[in-house]
Amino acid sequence: MIRDLFPDVELLNSIPPDEVIPIGAAIEAGLLLGRDALEEDSITVDCCAKDILVKEADDSGADIYTVLLPSGTPLPARRQHVLQSPGSLSSVCLELYQSQGHNCSIEEKLAQIVLKDLESKEENHDIVTVLTMKRDGSLHVTCMEQGSGKTEAVTIDVAS
């Protein structure tokens, strides 16, 4: 379709499609500021250096790590994740890790948050977890049990 509109132009498809608009906007902004060409180092974006994961357990009790903030995520960033735990539990422990891939170890644990004194109920506890990473790499995590409103929060100074 584009080739039909511009038959004499060689199409450039070396840029990932989801980066075309931001790169074009950056080039246009540079032109509006009076720059004639785009310099390679003129675009600086702070991003998350490592994956930030939450540890969950499946029905069999096996550990599952879910990536909440993938490495390369532009900062500042905010993610929300809902965890479910059995309603019979009176406390829930949330563990956050950082990793270069999906291989986590105990040394890479960032934080452990415990929600205590939850009321027993027949349905599952829905734990809303909100992660906010600032440009300086600090990570703020808030966990709230939706039924009771019990909340715990932690701030990690630099999460790399």
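Visitor: Is lysine 55 buried, partly exposed or exposed?

Guide: This is a predicted model, in which local features need pLDDT of at least 70, side-chain atom pairs count only at pLDDT 80 or more, and totals for chains, interfaces and linings use all residues. Residues are numbered from 1 along each chain as its sequence is written, and side-chain values use heavy atoms, with hydrogens and water left out. Buried means under 20% relative accessible area, exposed over 50%, and partly exposed in between (1.4 Å probe, protein chains only). Lysine 55 has a relative accessible area of 25%, so the word is partly exposed.

Visitor: How far apart are the N and O atoms in the salt bridge of lysine 55 and aspartate 63?

Guide: A salt bridge needs a side-chain nitrogen of Lys or Arg within 4 Å of a carboxyl oxygen of Asp or Glu. Aspartate 63 is partly exposed, at 45% relative accessible area. Its side chain meets that of lysine 55 with an N to O distance of 3.6 Å.

Visitor: Which residue forms a salt bridge with lysine 121?

Guide: Lysine 121 is partly exposed at 27% relative accessibility. The closest N and O atoms are 3.2 Å apart, and the partner is glutamate 145.
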